[in-house]
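Dear colleague,

I am handing over the structure below, followed by notes on what was found in it. Please read the two side by side.

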Amino acid sequence: MNRLDRSFGVLLTGLAVLSAAILAAITLVIPLNVLLRNLGLPVIYGALDAIEYGLMAAAFLGAPWVLRLDAHVQVDLVTHGLPPRARRRVVLAACLLGAVTCAALGWAGLQALMQSYARGSMVRTAFTFPEWWTLTVLPLSMALCTLEFLRKIFRPAAGDAPLSGL
C-alpha cells in the first residue's frame, strides 16, 4: 500500500507541476500581450481564450495536490477548541462530505463530458476544437480529490486518533 500511496503522491505532484507551468505561461503571456499592444504590434492570437481555459485547467489540476498537503482554506477555529477525539470525528465528517461532494461533481462532469463527446460539440473561439477536451479536467480532478478524501479517512495523518477509536 505504501508504494501505491507514493505513486498517487507522484501523480498529484506531477499534476501540480503541470498546473504551475500553465500559470507560469499565463504570467508570461499577459504582460507580453500588453507590451505588444502598447507598441502597436499584433497581439498573440488566441491568448485570451488560451488563458481562460488555462486558468480553469490549472485550478482543477492543482486541487488534489493542495488537498493532499492540507494547504487549502480551512476554517478550524471551532475544531481547534475540541478535544482530540471530537476533533477527529469532525474531520472525518468533513472528509466524508468532501468525498461525496467531489464524487457527485465528478460524476456530473463525466456525464457532461460524455454528452459533449456523443454530440460532437465544438468550441469555436480563436481556436476550434472538441468541447469535451475542456471538460476532461473536472472529472479527473474530482476523482483524485475523492480518492484523497478517502485516503485521509482510512489512512489518518500521524498523530490523529485512529478511526477504530471513534
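Tyr45 lies in the loop between H1 and H2, where helices (H or I, at least four residues) and strands (E, at least two) are DSSP runs numbered from the N terminus. With a relative accessibility of 62%, Tyr45 counts as exposed, on a scale where buried means under 20% relative accessible area, exposed over 50%, and partly exposed in between (1.4 Å probe, protein chains only). Leaving aside residues up to four places away in sequence, Tyr45 touches Ala126 and Phe127, a contact being heavy atoms within 4.5 Å. Ala126 is 81 residues from Tyr45 along the chain, yet their C-alpha atoms are separated by 7.3 Å.

Please keep in mind that this is a predicted model, in which local features need pLDDT of at least 70 and side-chain atom pairs count only at pLDDT 80 or more, while totals for chains, interfaces and linings use all residues. Residues are numbered from 1 along each chain as its sequence is written, and side-chain values use heavy atoms, with hydrogens and water left out.

As to the overall arrangement, the protein has five helices and two strands, and from the N terminus on its elements run α-α-α-β-β-α-α. The radius of gyration is 20 Å, well over the 15 Å that the globule rule gives for 166 residues, so the protein is more spread out than a compact globule; that radius is taken over C-alpha atoms, and the rule is 2.2 Å times the number of residues to the power 0.38. Along its principal axes, the C-alpha trace spans about 65 × 40 × 30 Å. Of the 166 residues, 31% count as buried, and among contacts between residues at least 6 apart in sequence, 74% join residues at least 24 apart.

Turning to the helices, Gly62 is placed in helix H2 and, at 8% relative accessibility, counts as buried. Leu12 is 50 residues away from Gly62 in sequence, while the C-alpha to C-alpha distance between the two is 7.7 Å.

The phi of Asp70 is near 55°, a positive value in a residue other than glycine, and with a relative accessible area of 41% Asp70 is partly exposed.

The 36 residues of H3 should span 52 Å at 1.5 Å a residue, which agrees with the 52 Å between its end C-alpha atoms; the expected span of a helix is 1.5 Å times one less than its number of residues. The buried residues of H3 include Leu92, Cys95, Ala99, Cys102 and Leu113, and what covers the buried residues of this helix includes H4 (132–135) and H5 (137–154). Gly120, which follows H3, has a positive phi near 75°.

For H5, the 18 residues should span 26 Å at 1.5 Å a residue, and the end C-alpha atoms are 26 Å apart, which agrees. Among the buried residues of H5 are Met142, Leu144, Cys145, Phe149 and Ile153, together with Glu148, Arg151 and Lys152. The cover over the buried residues of H5 includes helix H1 (2–38), H2, H3 and H4.
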